[in-house]
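Here is a briefing on one structure. Please keep the sequence and the 3D view open while reading.

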Amino acid sequence: MFLRMLIPAFVTRDSRRPARPEPPVRPRPVKKLTERAAPEHSQTWRLAFQIGFLLLNLWIGARFYFFVRYYETGGQTVFVPRPPGVEGWLPIAALMNLKFAVETWTIPPVHAAGLFLLVAFLTMSLVMRKSFCSWLCPIGTISEWLWQGGEAMFGRTFALPRWLDVPLRSLKYVLLGLFVYAIGKMSAEAIQAFLTTPYGLIADVKMLDFFRKMGTTSAVVVGVLLLLSVPLRNPWCRYLCPYGAMVGLVALFSPTRIRRSPDACIDCAKCAKACPSLLPVDRLVTVKSAECTACLLCVAACPAKGALQFTAPRRRPVPAWALAAAVFVIFVGIVGAARFAGHWHTPVPERLYFDLIPRAHEFGHP
């Protein structure tokens, strides 16, 4: 009886309390309906170019080594003709010859192959952005394979903080500026005089000796760069390469771009994670940076059809095979034109090679 009297009291007391408001029901986000992108073959094309150009450089290096050994031994070894492609490893001489050619409207007689290779790589950058760095450069290829190996090993790569990354990235432009300033002050006559000195004539041999007879300091620097390339993405290319800085500046005028369609994008950020240049592709509509190498890794990583494309003006898509064809045609076309015109080989008399190459260690930079 007592309990029956208490129950209405409790019910009455509770009924006087204001009803607790229910939490608002948040609408579930509506997922974008998207079509999955078709299988993308850009990395197959690019890997073929990387391996092919790396093998080409190894073949050129081996032939040049045997060429040098023939003259070092006084003709006691098998003679191998000098491969002019070795001048691709003489970027400063190529830049000097470019200035000489622009001023005199003539092709320089010494290391002309380096000039034509530089023109080919600059043309690629103007047409297909900084594609030389990610499609052909052997140093860029080795660096990429190192950080991809590091990513497989550690599950990720690492990035320097922005306050350190930005000033370090400026170093390659500082180095390029120093080279351009020094060469810009030289007249055409001074350039020709420099390249016809004993040092200039065998600058390619001096370059080979840098690797064959590397000092302790150089070996430590090269070793550190190789080690840093495992946890970091392309530290040499990103921070120190003046050649990459030059082709990157030319690429700013390229009509081709990586473009993102916000309507088709599903905001997965896979493109930004894949970018070796650490560009925020997922937050941009158009990638205009000089750091973009047209590697198409971001396009290959994108799962949404039409969300990310490499395009020409008026947003016309450029398929990977077209980019590969452009790189091939520009390289083969310019090199072929130089060979056809008779400007590919450096005409140094054999007697000079017999005299200068065994004494290469005697010649310092003028």
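This is a predicted model: local features need pLDDT of at least 70, side-chain atom pairs count only at pLDDT 80 or more; totals for chains, interfaces and linings use all residues.

Residues are numbered from 1 along each chain as its sequence is written, and side-chain values use heavy atoms, with hydrogens and water left out.

**Salt bridges**

- The whole structure holds 13 salt bridges (a side-chain nitrogen of Lys or Arg within 4 Å of a carboxyl oxygen of Asp or Glu).
- Arg69 pairs with Glu72, with the closest N and O atoms 3.0 Å apart.
- These two residues sit three apart in helix α2, so about one helical turn separates Arg69 and Glu72. Helices are DSSP runs (H or I, at least four residues), numbered from the N terminus.
- Arg69 is partly exposed at 29% relative accessibility, and Glu72 is partly exposed at 23%. Here buried means under 20% relative accessible area, exposed over 50%, and partly exposed in between (1.4 Å probe, protein chains only).
- Asp209 and Arg212 form a salt bridge at 2.6 Å, N to O. Both lie in helix α11 (residues 203-212), three residues apart.
- Asp209 is buried at 11%, whereas Arg212 is partly exposed at 29%.
- A network of salt bridges links Arg69, Glu72, Asp209 and Arg212.
- Arg82 and Glu87 form a salt bridge at 2.8 Å, N to O. Both residues are buried.

**Nonpolar surface patch**

- Leu47, Ile51, Leu55, Leu58 and Trp145 make up a nonpolar patch with about 460 Å² of accessible area together. Patch residues have over 30% relative accessible area and no salt bridge, and nonpolar side chains (Val, Leu, Ile, Met, Phe, Trp, Tyr) are joined within 5 Å.
- Helix α2 (residues 42-72) gives the most to this patch, with four residues.
- Leu55 belongs to helix α2 and counts as exposed, because its relative accessibility is 52%.

**Cavities**

- Four cavities of 30 Å³ or more are counted. A cavity is a set of points on a 1 Å grid over the protein atoms alone where a 1.4 Å probe fits but cannot get out, and lining residues have an atom within 4 Å of a point.
- The largest cavity has a volume of about 90 Å³. Its lining has 14 residues, with Cys275, Cys292, Thr293, Cys295 and Cys298 nearest its centre.
- The second largest cavity has a volume of about 70 Å³. Its lining residues include Arg260, Asp267 and Lys270.

Note on methods. Patches are made of residues with over 30% relative accessible area and no salt bridge: like charges are joined within 9 Å, nonpolar side chains (Val, Leu, Ile, Met, Phe, Trp, Tyr) within 5 Å. Accessible areas come from the Shrake-Rupley method with a 1.4 Å probe; for residues, only the protein chains shown count as cover. On a 1 Å grid over the protein atoms alone, a cavity is a set of points where a 1.4 Å probe fits but cannot get out, and a pocket is an open set with protein on both sides within 12 Å along at least five of seven lines; lining residues have an atom within 4 Å of a point. Grid points are joined across faces, edges and corners, and a volume is the space filled by probe spheres set on the points.
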